[in-house]
Structure formats: structure tokens, C-alpha cells
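Here are some notes on the model, for reading alongside the coordinates. They are set out as numbered points.

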Amino acid sequence: WTVCWINWNWTKRKSLKKFSDETVMNSELLAFYREHVEEVLLPFWNRALDHEHGGIYTCYNNTGEELVSRDKYTWSQGRFLWLWSRIAEMIAENKLKGERGAYLDHLTKTARFLETNVFLENGNCAYVLTEEGKKKESIPGEGFDTSLYADCFVALGLGKFAALSDNKKRFERALKLYDRIRQRIDEGDIRTEPYPIPQGYRAHSIPMIMLNVAQELAEAARKLRHTAEEKLRKNSVSYMKEIMDHFYREQDHRVVEMLPEDPSSEGDTLLSRHVNPGHTIESMWFVIHTAQRTNHPAYVDKAVQAIEKAIGLGWDPTFGGLLRFVDKEGGIKPRGAEQSTAYEQLILDTWDMKLWWPHSEVLYSTLLAFVVSGNKKMLRRYEMMQDYVFEAFPNPDKETGEWIQIRDRKGKPVDKIAALPVKDPFHILRNMLLIIDLLEEEVEEK
């Protein structure tokens, strides 16, 4: 495997040199990402489908060798709907190979599985279901609807599939769920287990995920010629402005992950000082997408600066790659006064881990930032990250495939839980698909 890596790496470097010198998206790079999706990622996930009930099994161990539970976290099932819908679109667009009919059939089964089983009487979504679709409590005694994020991903997936299948009734259901989510946020009814937002703080993750849901539902509304498009566009701009006008720091281009509700209390606390590089990087491409579609160029420039800042802060100067959490001074363990919350414990226990999802996010975000800004520094960042990512994360066991999701600081695989006890395809596949779209557009233009 090492020899194969060295040979591929040499080819890749030659391809990237041409890409860098001529500032064009090289077709060899496009071919690499397409092959990675078709030959490394999708074979694993096509084996994980539940053909009887719908949905996908995601409770694998870190290496993907063992399915440890057949439970279905709706967080992942909603994301899966989005992914399979986009893949079906890309097959129709001749951007990927595959049997589109098979994707559509399983999408229909999965959408029905969720619509039949996930909703509670209060309009919220259950956080986890059994294989057959029975609701489960993720925390005994805490009820079924323990995370707002799960509802967001169900809305995201149902909206995407509704547009693909031209099903306005399904879109209305996604829209109703979206409105319910907004109501809960307005009322302060925000549950984010297993890591509740600490009392007295606003979380960047809330406007961030709502920006993504609003912009995706707006695109679905456009395709369906639904009257909700204008409202959803306005909502997406509002969420973008909330992020960039409140959580983004103009003076150093840092995005604050936890913002005190009382600005005077922002200081040397762990919650205020820590940075989540992966969240910043992902959030900023959401911002770029909406800023471009709604003619807000100033936010594009700020987002590019924030991506650069997050990589600079998050890069591990000793072993390479992005640290999970860092101090605002960069590259070191977050510090500051503590409140003894579950989220703070997560920061302290896992700050030096190397996770799969930020590293997939940084590939797309740096390429996108380069394309929209022409900033050669972003291209250097991309090249640096690509070298690390494709050496560190793809599973060397090609029979299993996919990525090893969690590694320690030195790169050794670690069997730990990042947020949910799942191996989730969303970030890797979504970013690979977005990169393919981006490269296709650039190659065609050149």
C-alpha cells in the first residue's frame, strides 16, 4: 500500500503543479475525485443499505469493519437522503457513474421510513430509531427529541429529495418541519444532546446549520417553483449576517464558537477562547454560497479570510493536520476558566484528535475560496491539506474501503465517539461531490 501511495502521490503532485502554475482546474484532479467517490466511498455505503426497511446502517466502528448496532440515528438518515439525492442528480448529469434507478428506489423507501416513523406529536423528530423504525430514547428518561440538529437534517434530506422527485407534498412537510425548528429557536427550546449549549452562551452552530438548511430548501423551492423561495432566501441572508456580524471577528478573522449573551463577560474563559477550525471552515463555505447567490460580495471576502485564519490556528505544527479544538492563539490546547459543562469536557478530552470531517471540509473550502478570490495562498493551503488528508484518512484495507474516521494526534486510529456512535458518510461524500461540481465548472470554462 505504501508503494502505491508513493506512486499516486507523485502523479498527484505533478497534476497539482500544473494546476498551481496555470491557475486552472486540472482534469486529472477531477478524475481523481470522481474515482475516489466511485471506487473508495460508494462501494462501502452501498453495502450498508437497509433494503428491507429503508435507510442506511451507520453504526460501524472507526475502521468500518464491524457493524456494532442496527439503530438508525435520524441525524444520519436525513443526511443520507440528501447525499443519495445529489448522487442521483449527478448520475443524470453524467458527472458520476451508477444505476440511477437503484438510487431513486432506495430514496423513496428511506423517505417513507422517516415520514412514517420519525415525527412526534409535537412536530419534532425522534433522535434515534430502531432498525424497524420504533422510537428510542438516546438518554433514558429524557424523551425522544433530544437534538434540534436531527430535525434540521431530516428537513434538509426531505427537501432535497422532494425537489428531485418533484413532490410538492413532501416539500411542504420539510417546510413545516423547518418552520417548527425556527419556532423552537425563537422560543429558546434548543436541545443539542449529547453536548448541550452552555447556559449564558449562544452557539455558532445554530445559525450555521440554519443557514445550510435555509439555502438548501431555497434551492429546492426554486426547482419546484414554490412560493416559499423568496422567504427562504431572505432567511438564509439573515443567518449569514448573524454569523458574520456577530460571531466573526473583524480584527483577526476568527469565528467565535461560543458567544456570551452578555458581551462584557467575554474574556479568558475556555468557552470564549476555544476555536473549532472544522466548524469555521464548513460554515464559511455556506456563507460563500449564500453571499454569491444573493449579491453580498463583502461577505465572500470575509469568509475567505476566516477560512485562512481557521487553518492557520488549527494546523498541528508538529504532526500536521487539523486539531479538533485549539486556543485562539493557535496550535495549542484550549485554555481558560471553566464552568464544568459537558461541552467543555469534550474540548479538553478530544482537542488533539484528528477527525475525518474537518479534513474533508477543508478540501472543498480551500478550493472554493481560491476560485472565488484568486488568492494563491488558499491554493497552497489546499495542496498542503490534500497531501495530509489522502495519506492519513483513506482506509489502507481496500476491501473495506472508505476512511478511518478518527485518529490521535500522531495519526494512530482511535476507537472513540466524535458526537454520535456512528460512521457517517455525509461530510466526506458531500465535499467530494461539491469538489466534482466545482472542478467540472472550472474545466468547462477553461
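1. In which loop is the place of proline 194? The model is predicted, and in it proline 194 sits in the loop that runs between helix H6 (168-186) and strand E4 (201-203). The peptide bond joining glutamate 193 to proline 194 is cis, with omega at about 10°.

2. Domains. The protein is divided into two parts: domain 1 covers 21-194 + 436-445, and domain 2 covers 234-419. Taken over C-alpha atoms, the centres of domain 1 and domain 2 are separated by 22 Å. Domain 1 puts 21 residues into the contact and domain 2 puts in 28 residues.

3. Buried area. Between domain 1 and domain 2, about 2000 Å² is buried, and carbon and sulfur atoms give 58% of that area. On the domain 1 side, the residues that lose the most area to domain 2 are Tyr33, Asn62 and Leu438, which together make up 30% of what that side buries.

4. Largest pocket, position. The largest pocket has a volume of about 630 Å³. Domain 1 and domain 2 both give residues to its lining, so the largest pocket lies between them.

5. Largest pocket, lining. The lining consists of 27 residues, and those nearest the centre of the pocket are His289, Arg293, Leu434, Asp437 and Glu441. The elements that give two or more residues to this lining include helix H3 (74-92), helix H5 (148-164), helix H10 (277-293), helix H13 (356-373) and helix H15 (426-445). Helix H7 (205-224) is also one of these elements, and H7 gives the most, with seven residues. By type, the lining residues divide into 12 charged, 11 nonpolar and four polar.

6. Arginine 225. This residue is placed in the loop between H7 and helix H8 (229-247). Arginine 225 counts as exposed because its relative accessibility is 73%, and the cut-off for exposed is over 50%. Arginine 100 is 125 residues away from arginine 225 along the chain, and the C-alpha atoms of the two are separated by 24 Å.

7. Positive phi, aspartate 166. Although it is not a glycine, aspartate 166 has a positive phi of about 55°. Aspartate 166 is found in the loop between H5 and H6. With a relative accessible area of 56%, aspartate 166 is exposed.

8. Positive phi, asparagine 295. Here too phi is positive in a residue other than glycine, with a value near 60° for asparagine 295. Asparagine 295 is in the loop between H10 and helix H11 (297-314), and at 65% relative accessibility asparagine 295 counts as exposed.

Note on methods: Residues numbered from 1 in each chain as written. Predicted model: local features only at pLDDT ≥ 70, side-chain atom pairs only at ≥ 80, totals over all residues. Heavy atoms only, no water. 1 Å grid on protein atoms, 1.4 Å probe; cavity = no way out; pocket = protein on both sides within 12 Å on 5 of 7 lines; lining within 4 Å. Points joined across faces, edges and corners; volume = space filled by probe spheres on them. Helix = DSSP H or I, 4+ residues; strand = E, 2+ residues; numbered from the N terminus. Nonpolar A, V, L, I, M, F, W, Y, C, P; charged D, E, K, R; others polar. Domains from an automatic or database assignment. Buried < 20%, exposed > 50% of the residue type's maximum accessible area, 1.4 Å probe, protein only. Contact = heavy atoms within 4.5 Å. Buried area = accessible area lost by both parts, 1.4 Å probe.
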